[in-house]
Amino acid sequence: MVKKMECFLHGCDYNPDQWLGRPEILAQDIEYMKEAGINEVTLGIFSWACYEREDGVYTFDWMDKIMDSMYENGIHVILATPSAGKPPWLVKKYPEVMRVREDRVRLQYGDRENQCNSSEIFREKVTKMDELLAQRYGNHPALIMWHVSNELYGVCHCKKCQQNFRLWLQHKYKTIDNLNIQYNGAFWSHIYNDWSELESPSTIGEQSLHALALDYQRFYSDLSIDLVNVEKEAIKKYCKDIPVTTNMHNLNCGINYSELAKVLDVTCWDSYPKWHCGRNEESDWEPAVDESFHYDFCRSLKKKPFYLMESTPSNTNWSDACKLKRPGMHMLSSMQAVASGSDSVQYFQWRKSRGASEKFHGAVIGHSGTNDTRVFQDVCEVGAKLEEIKKIQGAMTYSKVAIIYDWDNLRALEEQRSLKNNGKDFEYIIFEYYEALLKNYVSVDIISQCDDFSSYELIVAPVLYLFKPDTKKRITSYIETGGNFVMSAYSGLVNENDLAYESFPPYDLHQVFGVCAEETDVLCGDEDNKITYGGRSYRATYFCDLLRNQGATVLAEFEQDFYRGKPAVTKQTYGSGTAYYVASRMQEDFNYQFLSDVIDTHGIRRVLNCNYIEDVMVKERKKDGKKYLFIMNFSTKQRSVMVNDKEHILHGYECSIVTLPE
């Protein structure tokens, strides 16, 4: 499918259409790119107005020259479809292509990625553009990949979307009576008589029907993915052998990435962590963990290498504080992506724009137009490093541990009203367990509750509030056949339609886990409870399940309040496997120690067999009988790491790559 690459992609978003009147700049860019080791550029992401200045009048000769120039200079091209940025004439002639907000106000022209994905005229225009691009460039020797749209996000509430939503509901529920049952319509007299009575959630209308809100998010995710697939099919009509992708960028952008990945040939991620903005000036561990999660998530979608599509070589222009990367951080952050499974390091952008929203966003070449800068030197060093380690390109990551991060579950948790309605930290709870696994130096996949469990020796499922139809059966089977499963408080409360089970949580798993949650207490402000585990005292925070023990072994109990003495951490053998239950959000030290004990008890392999070294992250990739350990120090201080009795000294913001036999 893909043209065989023998090296990492080192590239950038390139916008030559902003410099078409400056041929000397275009020539200079080529020379600078070769000097920096740039072997790929992404073209045309926002080029619709240059391709089609007025309706039906197309101009491609400028792109012909850019494509040819790239090929002649040994630079590959990822060619984008320009659907994320509409030209003004399109909206003036067809105002219906713009989205309608939830308050039913239609947007005016401006910004980007704000089209109505139901709009038939928008789909028609995009399909025509994509077909022309595929016909013209599908066989160009520089082309290695197609990039559809850009950073998908958002929803529309127009009349056309309402009609499509009702059709989506009819397909799902079949009858209005079934929908009323699944929505618990008798509550507040929300019984619908006809599909036409249903409207999407709105601040001027329905805000309390959680199943409706969840379904509208699902519907619009499906609609957005369908538009991606429409673009993909338009390309594949004339260009079957070049892979198609889009750039994922935000876990809560309104798109179910697990479903989106099914229509993509490869997955890609845009990375913009907030380096150097934490409370600890000597450590960037926290943003490193966040970005590691995103990378592992993207890689896990297809269980194979992904591409880092965007990152900044210096700073962003949209953060609360737009910090520069300190010396060493550009190399370290680039190697973190590679360590996590990326086969590329790519930047937004090559050359800074002179005007508009992103004129001060970081770039390889700044407004001075020179290459005698710290940033350019940093990029040159990354290019040289990627060439040095090119044998690692294509190497795989194999994980025996997984953590469940499920899109439907998180969206349902956002809607539910319970516990702390002004501080819903459920996503952070999942990140805390992930961080504890990272600190235990195991490879981790990020999976949904619908993914295959069978290849994992340990699965961790924090706050799995929503169960899909076969979730409890799949968990039961996994544990019964030898798997080890950790579940946290506030799990198994509702079904896929956010309808509460007529059962104590976790639904229909009481025999498996040996416990059920009779109530859940919330802890206010700085309030906490305490447990003792392994001879140490730990804080229990946020919420606590009041468990009824039905045969589980109690590993720790709550020590305060009226539920003092009730189980806080339990263990139950079921079949050939083990089920663990943690009945509260615990302080981070507990998560690390508890999961360390679970990993050791069940003989799960670590990529580095040692206790956590402060600020040091370790990732592993394997290829051709060798394993490559990426040992990364995300602090300004020197760290020492032992690998096979050999000491490796890491200075501040440094990555060491160790090659070992498998």
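## Cavities and a helix

The whole structure holds seven cavities of 30 Å³ or more. A cavity is a set of points on a 1 Å grid over the protein atoms alone where a 1.4 Å probe fits but cannot get out; lining residues have an atom within 4 Å of a point. Volume is the space filled by probe spheres set on the points, which are joined across faces, edges and corners.

This is a predicted model: local features need pLDDT of at least 70, side-chain atom pairs count only at pLDDT 80 or more, and totals for chains, interfaces and linings use all residues. Residues are numbered from 1 along each chain as its sequence is written, and side-chain values use heavy atoms, without hydrogens and water.

| Cavity | Volume |
|---|---|
| Largest cavity | about 120 Å³ |
| Second largest cavity | about 80 Å³ |

Of the 15 residues lining the largest cavity, P273, K274, W275, T316 and K323 are the closest to its centre. The lining of the second largest cavity includes S271, P273, W275 and Y295. Helix 11 (residues 329–339) gives the largest share of that lining, three residues. Helices are DSSP runs (H or I, at least four residues), numbered from the N terminus.

Helix 6 (residues 159–173) has buried residues C161, Q162, F165, R166, W168, L169 and Y173. Buried means under 20% relative accessible area, exposed over 50% (1.4 Å probe, protein chains only). The buried residues pack against helix 7 (176–182) and helix 8 (210–236), with contact meaning heavy atoms within 4.5 Å. The face of helix 6 turned away from its buried side carries exposed L167 and H171. K174 follows helix 6 with a positive phi, near 70 degrees.

Notes: On a 1 Å grid over the protein atoms alone, a cavity is a set of points where a 1.4 Å probe fits but cannot get out, and a pocket is an open set with protein on both sides within 12 Å along at least five of seven lines; lining residues have an atom within 4 Å of a point. Helices (H or I, at least four residues) and strands (E, at least two) are DSSP runs, numbered from the N terminus.
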